[in-house]
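This report concerns the contacts made between parts of a protein model. Please consult the sequence and the structure shown below while reading.

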Amino acid sequence: MKILQANNFDLLLNILKENEYEIIGPTIQNGAIVYDKIESSRDFPIGYTDKQTPATYRIEKSNNDAFFHFVVGPQSWKRYLYPPVQKLFTAFLNGNAIKFEKEEFLPIKYAFIGVRSCEIQAIEIQDKVFFGGEFQNNRYKTLRKNSLIIAVNCSKAESNCFCTSMESGPEVKSGYDLVLTEIIYDKEHYFLINSGSQKGDEILSQMNLLEADENALKLGKDVIEKTKSQITKHLNISNLKELLLKNIESSIWEDVAKRCLSCGNCTMVCPTCFCMTVEDYTDLQKTKAERIQKWDSCFTLEYSYIHGGSVRVSVGSRYRQWLTHKLASWHEQFGTSGCVGCGRCITWCPVGIDITEEASKIRKISEYQNISLEEN
Amino acid sequence: MVKSKKPKLAVWKFASCDGCQLSLLDCEDELLDVAEIVEIANFPEASREVKPGPYDISLVEGSITTPHDAERIHKIRRQSKILITIGACATAGGIQALRNFKDVREFINLVYANPKFISTLQNSTPISHHVYVDYELRGCPINKYQLLEVLNAFINNRKPNIPNTSVCIECKRKGITCVMVSEGKVCLGPVTHSGCNALCPSYNRGCFGCYGPKEASNTSSLANQFESMGLGNYDIVRTFRGFNAYSDAFRKESEAYEK
């Protein structure tokens, strides 16, 4: 474990640039902390923090000059690894023959800086989706393999965070190349920095930093413990899969449909949601066609359209599809939960529907039914 | 029959501002391509030369507001193989449908020196209330790229890529931060049909609902949220009474808050 002084943070950025990384990290845009290009340490939301409750998000001045004293915002890293709109190929008509031209992509080397523990888990889930099986998404895989993950241990939690329930945080334990812990204590401001991979070692070895002493290590542990203690939202996941799949016909789904807007915001902000649609475009001369891939959502009517009509017409059935996929059938499909407890779907739902509350309603109803069955 | 005869296109106007049909002329770069593929047979806004029907595609702009127009739309339908309504007036009655919530005779007496010369209907209604409509293109005004896409799809005999999802889907794909959640702005995006590529949120404003309700538009839940954000009944009525005030979902919601 080494120490990087806050006023020397540009050293890290410069070394990343020297190693031909394109640096993406948190920065303030239009009243939110989003992930975008970072040129210098001044681009970070220094001295700002966020406040989140269901359906509200605000940034405000904090009482220190921390770089990372906030939690996750409206975007996730999937925007870079799995862009929202991508052209897949172009087809040209030449006489009677059709020629296909695959869309090439730039194999950019991204350095993602400020990746949270829950976000690493989300990226690893998408890894399984995109190249864990027989069919591989080459573009995602290339960008992912090229990327450098510089994680940060959360120095605070917000009211929608529930990573402790999903065993995804707040402490960064694996899946990183470098990990930072920001320490502000007694007029000192520095980062504990540690490597978790060979790529991380290479960057760290170019920085020539001092070893952290025991006191610094203890302060680092305190940061994580403090954050853990701030987490107030919980989701009981024991038997959750079985409970949900047993309650497919519950009236809960129609109840949530009264509030759900089927706008799809929860799926767009979710760091693990991966659904997409393809649209084919033609030119007016009938000589060229293009296939464009776009992020899609299971909350749209067209998403479940098959011959004869849409399978999920009612909004209740769409919400049920999303929640039961995330928390139940995802396990069967990918061997893991599809939820990492980041809380984005709760914050960015325009009417503040809370996945933990809806899931616990199912648990309560089923417990009540079990009791009444026993009584009878 | 002559092979590969160009389809004949007609553009019709009812009660409207002409903005939507102008978006066809606004396709400057693509207009010549369009003219090569279709025969623009009847488009008084662009050319005096009017060729007789029948027409393969009719684009209809505007709402029905007079007894005369209520007759005329039937004649157009009879001459058109495919009838596509364009814009909020044709698909929902337009901004002029605000009169549907009041007594139109009072307006006439107030506005016109000689009200007896005015022949008008109480309600401004969408074309679909009068004749069968093959396809609706939403918006106030329509998006010219969507218009091109519909014509293109028709010419290439494929389904147009005009998703009926919420504005939020386009907004999030673009990477725009939600103005409702992050700033508490009133935004109709979650209940509004996509197509504008999240124009207003891209300029840090809430959605005005120009494209009308999306499918399964849960206006009552969104209105509840507006209430908890501090909006009063009057403001909620005003929010839903825009260019698509007379669309079913928006009309019912505004009426619920008017009581």
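## Basis of the model

The model is predicted; local features need pLDDT of at least 70 and side-chain atom pairs count only at pLDDT 80 or more, while totals for chains, interfaces and linings use all residues. Residues are numbered from 1 along each chain as its sequence is written, chains are lettered from A and ligands numbered from 1 in the order in which they are written, and side-chain values use heavy atoms, with hydrogens and water left out.

## Interface of chain B and chain A

Chain B contributes 37 residues to the contact and chain A contributes 47 residues, where contact means heavy atoms within 4.5 Å. The buried area, that is, the accessible area (1.4 Å probe) that two parts lose on being put together, summed over both, is about 3300 Å² between chain B and chain A, and carbon and sulfur atoms give 53% of this area. Of the area that chain B buries against chain A, 23% is supplied by B:Lys172, B:Arg173 and B:Val181, more than by any other three residues.

One salt bridge (a side-chain nitrogen of Lys or Arg within 4 Å of a carboxyl oxygen of Asp or Glu) is counted between chain B and chain A. A salt bridge joins the side chains of B:Glu215 and A:Arg318 at 2.9 Å, N to O. On the side of chain B that touches chain A, helix 7 of chain B gives the largest share, five residues; helices are DSSP runs (H or I, at least four residues), and strands are likewise DSSP runs (E, at least two), numbered from the N terminus.

## Domains of chain A

An automatic or database domain assignment divides chain A into domain 1 (2–230) and domain 2 (240–375). Their centres, taken over C-alpha atoms, are separated by 26 Å.

In chain A, 41 residues of domain 1 are in contact with 42 residues of domain 2. The area buried between these domains is about 3400 Å², with 62% given by carbon and sulfur atoms. Two salt bridges are found across this interface. The side chains of A:Glu119 and A:Arg344 form a salt bridge at 2.5 Å, N to O. Elements that give two or more residues to the side of domain 1 that touches domain 2 include strand 6 (85–94) and helix 3 (117–131) of chain A.
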